[in-house]
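The questions below ask where each label comes from.

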Amino acid sequence: MKTKIVRKNNIEVAVINSENLLITDVSSALDLILTIKYETGCANIAINKEAIIEDFFILSTCLAGEILQKFINYGIRFAIYGDFSNYTSKPLKDFMYESNNGKDIYFQPSSSLAVDKFCECI
């Protein structure tokens with residue numbers, strides 16, 4: 001796991017890139033939240049899609065809702081960046097669209113666009 005702090009418009013974002021799965025269940029998501037918060041102090045986290053278990057993107061598993069609720073509960077704004085074009089589920093696409101129009105959860109094609117999203121929503 002590589003973590004880089006990106007600062008833009010006085011907003012700090014912990015940008016994580018990992019080749020290994022970091023979020024596989026609610027417990028691992030909570031571990032990530034607490035680790036990043038402790039190590040960086042950032043309340044904005046962006047992580048590459050490949051570091052999240054594929055079941056997260058199958059909404060019927062309820063994993064996405066359970067995990068994202070932890071981020072909300074701990075006051076962490078969260079972005080997942082990567083290529084989402086291979087997902088064909090209309091409910092998932094709708095969920096991603098609605099999330100991107102909110103202020104806490106984002107799905108973006110790149111880490112730089114994820115950082116931009118954090119900065120425009122303050």
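The answers that follow set values against definitions.

This is a predicted model, in which local features need pLDDT of at least 70, side-chain atom pairs count only at pLDDT 80 or more, and totals for chains, interfaces and linings use all residues. Residues are numbered from 1 along each chain as its sequence is written, and side-chain values use heavy atoms, with hydrogens and water left out.

Q: What makes up the pattern of the protein, read along the sequence?
A: The pattern is β-β-α-β-α-β-α-β-α, from four helices and five strands. Both are DSSP runs numbered from the N terminus: helices are H or I with at least four residues, strands are E with at least two.

Q: Why is the pair of phenylalanine 71 and phenylalanine 78 called stacked?
A: Rings of Phe, Tyr and Trp (its six-membered ring) pair if their centres lie within 6.5 Å; planes under 30 degrees apart count as stacked, over 60 as edge-to-face and the rest as tilted. Here the centres are 3.9 Å apart and the planes are at 20 degrees, so the pair is stacked. The structure holds eight aromatic pairs.

Q: How do you know whether phenylalanine 71 is buried or exposed?
A: Buried means under 20% relative accessible area, exposed over 50%, and partly exposed in between (1.4 Å probe, protein chains only). Phenylalanine 71 has 0%, so it is buried. Phenylalanine 78 also has a value of 0% and is buried. Buried residues make up 42% of the 122 residues in the protein.

Q: What makes the pair of phenylalanine 84 and phenylalanine 107 edge-to-face?
A: The centres are 5.7 Å apart, and the planes are at 80 degrees. Phenylalanine 84 lies in the loop between β4 (77-81) and α3 (90-100), and phenylalanine 107 in strand β5 (residues 105-108), so the pair ties together parts that are 23 residues apart in sequence. Phenylalanine 84, at 12% relative accessible area, is buried, and phenylalanine 107, at 4%, is buried.

Q: Why is asparagine 10 called exposed?
A: Its relative accessible area is 68%, so the label is exposed. Asparagine 10 is in the loop between β1 (2-8) and β2 (11-17). Its phi is near 65 degrees, a positive value in a residue other than glycine.

Q: Why does cysteine 62 count as partly exposed?
A: The value is 46%, so cysteine 62 is partly exposed. Cysteine 62 is in the loop between β3 (44-48) and α2 (63-73), and its phi is near 65 degrees.

Q: What does leucine 21 touch, not counting residues up to four places away in sequence?
A: Leucine 21 touches Glu50, Ala51, Ile52 and Ile53, where contact means heavy atoms within 4.5 Å. Leucine 21 and isoleucine 52 are 31 residues apart in sequence and 5.6 Å apart in space, C-alpha to C-alpha. Leucine 21 is in the loop between β2 and α1 (26-40) and, at 47% relative accessible area, is partly exposed.
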